[in-house]
Amino acid sequence: KMLIRVLLPNEEEGVFNADCLAVSLLQAIRRRYSGLAPDETIDLCSIEGSMKELSQSPNDNAAHFFTERELCLVVKVSGSASSSFVYTPLLAEYSTNQEFLEILNNHKSESASQSRKKSKSKAPYSPQTARQTESSKVRTENVKNRKKSLAITKKSVVK
């Protein structure tokens with residue numbers, strides 16, 4: 001297990017298991033804090049202002065973005081990949097700290113960039129894309145299973 005601590009916007013601290021898909025971690029945080037609008041895109045950052053960019057890599061294992069028991073903040077993501085993303089902490093103490101906001105919006109996390117396999121910009125994960133992501137995973141798994149079945153069938157026919 002890779003446990004992380006997240007300061008939620010209602011000033012609670014939640015403990016989450018990050019050994020899962022990034023999209024699953026963000027959904028768990030969304031369920032734990034009900035004050036988020038359904039169409040609001042969220043992500044996490046360290047308390048030093050280093051973005052995790054989980055929303056841009058929804059199918060990556062979230063544990064790769066964190067250290068054990070790391071303390072993170074929930075941030076709102078606005079903007080687009082074609083312009084630039086703007087990150088706003090949802091915890092009041094950090095959202096009014098100009099120095100923190102500058103660090104947050106001008107600094108990319110080394111761990112996030114190293115963890116991501118693809119370098120091209122992706123749109124951040126939003127709740128509307130969850131069904132598409134799940135459908136895509138199911139289709140990929142079905143194709144893999146069919147290929148395995150065909151390989152087994154070919155081997156038995158050859159014998």
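**Salt bridges and their surroundings**

A: In this predicted model, Lys76 is partly exposed, with a relative accessibility of 33%. The side chain of Lys76 forms a salt bridge with that of Glu40, at 3.8 Å from N to O. Because Glu40 lies in the loop between H1 and E3 while Lys76 belongs to strand E4, this pair ties together parts of the chain that are 36 residues apart in sequence.

The search of the whole structure finds four salt bridges, and among them is the one in which the side chains of Glu12 and Arg32 meet at 3.9 Å, N to O. This pair, too, links distant parts of the chain, since Glu12 sits in the loop between strand E1 (3-7) and strand E2 (13-17), whereas Arg32 is in helix H1 (residues 22-32), 20 residues apart. Glu12 is partly exposed, with a relative accessible area of 38%, and Arg32 is likewise partly exposed, at 39%.

A further salt bridge joins the side chains of Glu13 and Arg5, with a distance of 3.6 Å from N to O. Here Glu13 counts as partly exposed at 40% relative accessibility, and Arg5 is partly exposed with a relative accessible area of 27%.

Key. Residues are numbered from 1 along each chain as its sequence is written. This is a predicted model: local features need pLDDT of at least 70, side-chain atom pairs count only at pLDDT 80 or more; totals for chains, interfaces and linings use all residues. Side-chain values use heavy atoms; hydrogens and water are left out. Buried means under 20% relative accessible area, exposed over 50%, partly exposed in between (1.4 Å probe, protein chains only). Helices (H or I, at least four residues) and strands (E, at least two) are DSSP runs, numbered from the N terminus.
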